[in-house]
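Me: I would like to go through this structure with you. Shall we begin with the strands once it is displayed?
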Amino acid sequence: MTFACKAYEDTYQGEKAVWLQAGRYEAAVLPEIGANLIAFRDTEAGYRFLHEPALEEMESFKARPVIHGMPVLFPPNRIEDGKFPWNGATYQFPVNETARGNHLHGFLFNIPWVVEAYGTTSNSSYVTLTQKVDAAHPVYRYWPHAFTFRLTYTLTEDGLGQHVLVRNDGTELMPCLLAFHTAVNAPFAPGSTAADCRFTMTIGRRREMSERMLPTGRFQTLKPEEEAIKSGGISPFFEPMDNHYTAEPQNGRNRMELTDSRLGVRLVYDAGTSYKHWMIWNNNATEGFFCPEPQTNLVNAPNVDLPAEEIGLFSLAQGEIWEATSRLYCIRA
């Protein structure tokens with residue numbers, strides 16, 4: 001089976017964008033706003049799978065680009081007091097969550113990225129974006145490592161593939177901490193409502209969080225509704241959620257599935273088993289979208305006195321590479 005594939009530069013709500021098309025699917029990424037994959041759509045069915053900003057929301061989106069699309073969090077989530085102990089040194093980050101005294105969401109989600117390449121093959125369209133950080137880069141003052149972060153999105157009949165590669169270009173041991181604040185529409189189909197949506201997710205144990213939304217090191221007993229997240233399914237808006245879980249892959253996969261029961265259609269977000277932790281945030285149970293956020297590491301991992309392997313606190317030596325692959329796709333009845 002052959003189908004049309006295109007990759008081209010254009011705009012999205014007035015911002016520079018690279019658009020990908022492959023058969024019934026299309027996607028758009030915003031290089032100048034954190035390489036955010038802002039749209040993933042099924043154009044034949046009219047599905048919009050990701051939470052996209054409306055035109056009138058663009059200014060607020062650019063001021064806080066973390067609740068639309070797939071923002072890159074590096075390092076992810078919260079760092080207590082904005083301090084990051086590593087390899088005998090202490091890194092100081094800006095405290096940008098002042099009410100809780102934390103650094104929040106890292107340095108790559110709101111800055112320009114370089115479009116390294118885009119194009120097509122006989123059955124795909126793709127775009128690759130990079131950050132090359134060195135001593136002259138503005139990120140270096142907080143994260144004093146030379147490194148390359150390469151992000152590739154590929155669109156095929158199998159949906160949207162995401163490939164991440166991080167390489168340590170410096171001489172010092174570098175931590176590698178990453179998440180995606182993926183914002184999924186619920187509902188994603190025209191004519192459906194939030195009441196038609198149920199989701200499952202390969203969560204394991206729930207971390208107890210302090211008033212500052214930092215892990216205490218203890219676990220909480222899952223409620224029956226949270227057990228339904230693991231098996232059976234439940235509304236993404238059953239209660240306000242800003243919850244932190246371990247990942248517990250099922251049948252070899254680490255994923256979120258959102259089902260539209262009216263249509264019998266499932267959106268699958270297979271994050272991959274490199275991500276050992278999940279956050280779930282649903283904007284205080286406000287219907288419309290929620291964020292299943294895969295993370296390589298526990299929130300505030302460098303400040304937590306637990307085994308590095310358990311909390312996903314790993315490093316790259318000079319020249320070493322870490323990479324991971326995720327996928328979003330649709331299963332129709």
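Me: How do strands β3 and β4 pair?
Reply: In this predicted model, β3 (residues 25-30) and β4 (residues 36-42) pair in the antiparallel sense over six bridges. Strands are DSSP runs of E with at least two residues, numbered from the N terminus, and two strands pair if DSSP finds at least two bridges between them.

Me: Which residue in β4 does glutamate 26 stand opposite?
Reply: Arginine 41 is the residue in β4 opposite glutamate 26.

Me: What is the strand order in the open sheet?
Reply: The order of its five strands is β1-β2-β3-β4-β5, with antiparallel pairing. β1 (5-12) and β5 (47-48) are at the edges with a single partner strand each, so one side of each has no neighbour in the sheet.

Me: Which members of the largest nonpolar core touch the most others?
Reply: Phe149, Phe199 and Leu258 do, out of 77 residues. Such a core is a set of buried Ala, Val, Leu, Ile, Met, Phe, Trp, Tyr and Cys residues joined through side-chain atoms within 4.5 Å. Strand β13 (residues 147-156) gives the most to this core, with five residues.

Me: What should I know about numbering and cut-offs?
Reply: Residues are numbered from 1 along each chain as its sequence is written, and side-chain values use heavy atoms, leaving out hydrogens and water. Local features need pLDDT of at least 70 and side-chain atom pairs count only at pLDDT 80 or more, whereas totals for chains, interfaces and linings use all residues.

Definitions and conventions: Buried means under 20% relative accessible area, exposed over 50%, partly exposed in between (1.4 Å probe, protein chains only). Helices (H or I, at least four residues) and strands (E, at least two) are DSSP runs, numbered from the N terminus.
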